[in-house]
Amino acid sequence: MSLLPRLVSPAGFVLALLLFLFPFVAVSCEAPGLGSIEVSYTGADLATGGDPSVETVGDFGREAGDPVQDNENPPDPGARLLAILTLLLIFTGLAVSFLPTARLRLVGAVSAAALAGVMLVVTESVAQSNLESSLIETARQEASAPGEEPFTLTKSIADDMVEPRVGFWLTLIVLALVLLANLALAIRARTRQ
């Protein structure tokens, strides 16, 4: 058996794990004349409950001369358990990639890649939904503060502010490629019998 088919799954699953370090979901807002702010969560942040990275441009959300308060009260994506399950499925795929029997390797890798891909999409959807709800609730609380000009943040505006990032898309693509490569290897092995 060629070495390449034996390396497809482990390499793909390792790459998927590395891509968890890239931004997965972000909340961004731009205000003309004030600047912009972006709160970005990596897959690792989602899994560990870590603080997101905060990037501001201009004087967004602060008075001139005030320091930027990074991670003062970031919204909670609430997808920690789902992100952990996704990581466990990717680790499972990596582990089954080293099984001695080719058939078990292929079936295990296909199953793990498919399940991890589904869990990845579910994790992203839940994180986005929770971040949108958090934004709407924060805007509602701010609008009820005395002396503040009322502003209503609608679901559609919040939806435009929260979006998936490159880490999510690349991880999903890698898992799909691992799935397809192992399916192709399984079909090729079956036709040779």
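## A tour from the aromatic cluster to the core

Begin by selecting Phe-20, Phe-24, Phe-168 and Trp-169, which together form one aromatic cluster; rings of Phe, Tyr and Trp (its six-membered ring) pair if their centres lie within 6.5 Å, and planes under 30 degrees apart count as stacked, over 60 as edge-to-face and the rest as tilted. The model is predicted, so that local features need pLDDT of at least 70 and side-chain atom pairs count only at pLDDT 80 or more, while totals for chains, interfaces and linings use all residues. Residues are numbered from 1 along each chain as its sequence is written, and side-chain values use heavy atoms, with hydrogens and water left out.

**The aromatic pairs.** A search of the whole structure finds three aromatic pairs. One of them, Phe-20 with Phe-24, is tilted, with 4.8 Å centre to centre and 50 degrees between the planes. Both of these residues are buried, a word that stands for under 20% relative accessible area, with exposed meaning over 50% and partly exposed in between (1.4 Å probe, protein chains only). The rings of Phe-168 and Trp-169 have centres 4.8 Å apart and planes at 65 degrees, so this pair is edge-to-face. Phe-168 is buried at a relative accessible area of 5%, whereas Trp-169 counts as partly exposed at 44%.

**The whole chain.** Now zoom out and colour by secondary structure: the chain has six helices and four strands, in the order α-β-β-α-β-α-α-α-β-α along the sequence. Here helices (H or I, at least four residues) and strands (E, at least two) are DSSP runs, numbered from the N terminus. Of the 193 residues, 36% count as buried.

**The core.** Next select Phe-13, Val-25, Leu-46, Ile-90 and Leu-175, which touch the most other members of the largest nonpolar core, a set of 31 residues; such a core consists of buried Ala, Val, Leu, Ile, Met, Phe, Trp, Tyr and Cys residues joined through side-chain atoms within 4.5 Å. Among the elements that give two or more residues to this core are α1 (3-19), β1 (23-31), α3 (80-96) and α6 (166-192), and the largest share, eight residues, comes from α4. Centre the view on Leu-46 and, leaving aside neighbours within four places in sequence, look for its contacts (heavy atoms within 4.5 Å), which include Phe-24, Val-25, Tyr-41, Ala-83 and Thr-123.

**Helix α3.** Follow α3 along its 17 residues, which reach 24 Å from first C-alpha to last, close to the 24 Å expected at 1.5 Å a residue; the expected span is 1.5 Å times one less than the number of residues. Its buried residues are Ala-83, Thr-86, Leu-87, Ile-90, Gly-93, Leu-94 and Val-96.

**Strand β4.** Go to Val-162, in strand β4 (residues 162-164), which counts as buried at 3% relative accessibility. Val-162 lies 134 residues from Ser-28 in sequence, yet the two are 6.6 Å apart in space, C-alpha to C-alpha. Beyond residues up to four places away in sequence, Val-162 touches Val-25, Ala-26, Val-27, Gln-128, Leu-131, Glu-132 and Leu-135.

**A buried serine.** Finish at Ser-9 in helix α1, which is buried, with a relative accessible area of 5%. The side chains of Ser-9 and Asn-182 are joined by a polar contact of 2.8 Å, the term covering a pair of N or O atoms within 3.5 Å where, within protein, one must be able to donate a hydrogen and the other to accept it, and residues adjacent in sequence count only if both atoms are side-chain atoms.
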